[in-house]
Amino acid sequence: MIKPILTLCAEGVVIDRETNNVSIFNILEQLSSPGFPLFIQKLFFFHLLERDEGDQEKIDMELKIELDDNELLKVPFRNDFQGKMRSRSVITIGGLVIPNPGSLKFNLGNGVELSSYKIIVNRIGGPKAEVKAE
Amino acid sequence: MKLTDELDLNELKKIYLFSNTPLYLYNNFKRNKSIQNLSETDTKTLINHFDKIIIKKPTLDNLVTLYALIMGLTFKDIHEVNGFFDKLDIYNIEWAKEIRNIYKAKNIPTQIYKVKARIIRPEIKIISESASSPMQIKDSKPIISIKE
């Protein structure tokens with residue numbers, strides 16, 4: 001059975017060529033904006049999966065990004081364990097438009113949901129206009 | 001110019017002579033800038049060069065160059081070099097097998113995908129005078145409004 005070990009979104013994911021280690025910085029927990037739609041120029045989705053003996057090595061997967069119940073983006077991809085028990089993927093999303101505040105959910109699955117990561121999108125106080133009747 | 005001319009052989013020979021374990025050799029060769037530059041060469045050329053040197057006289061220079069080529073190949077995707085590393089046992093290189101094992105143990109398969117932003121084209125829509133706002137935003141697409 002495929003098990004998710006780690007799933008997250010961040011502003012930066014770097015893989016060191018020498019050590020093959022991953023560095024993740026600025027993990028996204030929540031987003032705040034005074035105005036919507038909000039455009040995120042770049043974000044990284046990272047996940048680490050573990051399989052059991054006997055599980056397939058190559059699995060077709062899908063990353064679905066939803067805001068509340070509205071689908072924003074769907075990314076099909078292949079996860080290849082290459083004979084190992086663990087495999088990781090880094091998906092760079094080069095631009096995402098968030099139309100309104102809500103709960104931004106990154107669902108990772110292969111038919112069934114394996115793991116998900118949620119970012120709260122808030123509207124923060126912008127300039128207010130007050131109209132008073134005479 | 002030969003492929004391995006850019007190698008910092010003096011430094012690599014020093015590392016080789018000081019190495020008391022395969023891991024020391026692996027880590028220090030991997031950090032070496034000239035090997036990192038060598039790894040930019042395509043896999044096939046590196047393997048062909050290895051095949052040319054392995055049949056030469058086993059001098060210190062040749063041995064260090066062979067290790068450098070093996071280490072250069074550790075920067076490649078495992079799919080490209082699996083065959084090469086699997087047949088390393090047949091050569092008489094002292095730590096080749098250990099280097100192969102370190103490389104395979106350290107290698108966690110990583111898929112990298114890039115998704116480009118969806119291009120949102122402005123939608124031109126004619127709206128009547130009675131519309132309350134000159135700009136309407138629908139489905140996140142900017143709408144350029146033209147009054148009749």
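**The largest pocket**

By class, the residues lining the largest pocket of this predicted model comprise 8 nonpolar, 7 polar and 8 charged residues. The pocket has a volume of about 480 Å³. Its lining is formed by 23 residues, and those closest to its centre are A:Asn20, B:Phe75, B:Lys76, B:Asp77 and B:Asn107. Four elements of chain B, namely α2 (22–31), α6 (78–86), α7 (96–106) and β1 (110–116), each contribute at least two residues to this lining.

**Overall make-up of chain B**

Chain B contains 7 helices and 4 strands. Read from the N terminus, the order of its elements is α-α-α-α-α-α-α-β-β-β-β. The chain has 148 residues, of which 39% are buried. Among contacts in chain B with a separation of 6 or more, 56% are between residues 24 or more positions apart. The chain exposes about 9200 Å², and carbon and sulfur atoms supply 53% of that area.

**Helices with a buried face**

| Helix | Buried residues |
|---|---|
| α1(B) | B:Leu12, B:Lys13, B:Ile15, B:Tyr16 |
| α2(B) | B:Pro22, B:Leu25, B:Tyr26, B:Phe29, B:Lys30 |
| α6(B) | B:Ile78, B:Val81, B:Phe84, B:Phe85 |

In α1(B), the buried residues are B:Leu12, B:Lys13, B:Ile15 and B:Tyr16. Viewed down the axis of α1(B), these residues fall within an arc of 160 degrees, so they line one face of the helix. On the other side of α1(B), the residues B:Asn10, B:Leu17 and B:Phe18 are exposed. The buried residues of α1(B) pack against α2, α3 and α5 of chain B.

In α2(B), the buried set consists of B:Pro22, B:Leu25, B:Tyr26, B:Phe29 and B:Lys30. Down the axis of α2(B), the buried residues lie within an arc of 120 degrees and therefore line one face of the helix. Their cover includes α1 (9–18), α3 (33–38), α5 (60–73) and α7 of chain B. Helix α2 of chain B is also one of the elements that each supply at least two residues of the pocket lining.

In α6(B), B:Ile78, B:Val81, B:Phe84 and B:Phe85 are buried. The buried residues of α6(B) fall within an arc of 125 degrees when seen down the axis, so they too line one face of their helix. The elements covering them include α4 (43–54), α5 and α7 of chain B.

B:Val81 is located in helix α6 of chain B. Its relative accessibility is 0%, and B:Val81 therefore counts as buried. Apart from neighbours within four places in sequence, B:Val81 is in contact with B:Thr43, B:Leu73, B:Lys76 and B:Tyr103. One of these partners, B:Lys76, is also among the residues closest to the centre of the largest pocket. The C-alpha atoms of B:Val81 and B:Met71 are separated by 11 Å, with the two residues 10 residues apart along the chain.

B:Thr65 belongs to helix α5 of chain B. With a relative accessibility of 5%, B:Thr65 counts as buried. When neighbours within four places in sequence are set aside, its contacts are B:Thr4, B:Leu7, B:Leu9 and B:Ile53.

**Backbone geometry in chain A**

Most residues other than glycine have a negative phi, and most peptide bonds are trans. Which peptide bond is cis, with omega near 5 degrees? The bond in question runs from A:Phe36 to A:Pro37. A:Pro37 is situated in the loop between β3 (30–33) and β4 (38–40) of chain A.

A:Asn26 has a phi of about 55 degrees. This residue, A:Asn26, lies in strand β2 (residues 22–27) of chain A. A:Asn26 is partly exposed, its relative accessible area being 46%. For A:Gln82, the positive phi is about 50 degrees. A:Gln82 is found in the loop between β7 (70–80) and β8 (86–94) of chain A.

Note on methods. Residues are numbered from 1 along each chain as its sequence is written. Chains are lettered from A and ligands numbered from 1 in the order in which they are written. This is a predicted model: local features need pLDDT of at least 70, side-chain atom pairs count only at pLDDT 80 or more; totals for chains, interfaces and linings use all residues. Side-chain values use heavy atoms; hydrogens and water are left out. On a 1 Å grid over the protein atoms alone, a cavity is a set of points where a 1.4 Å probe fits but cannot get out, and a pocket is an open set with protein on both sides within 12 Å along at least five of seven lines; lining residues have an atom within 4 Å of a point. Grid points are joined across faces, edges and corners, and a volume is the space filled by probe spheres set on the points. Ala, Val, Leu, Ile, Met, Phe, Trp, Tyr, Cys and Pro count as nonpolar, Asp, Glu, Lys and Arg as charged, and the others, Gly among them, as polar. Buried means under 20% relative accessible area, exposed over 50%, partly exposed in between (1.4 Å probe, protein chains only). The arc is that of the directions from the helix axis to the C-beta atoms. Contact means heavy atoms within 4.5 Å. Accessible areas come from the Shrake-Rupley method with a 1.4 Å probe; for residues, only the protein chains shown count as cover.
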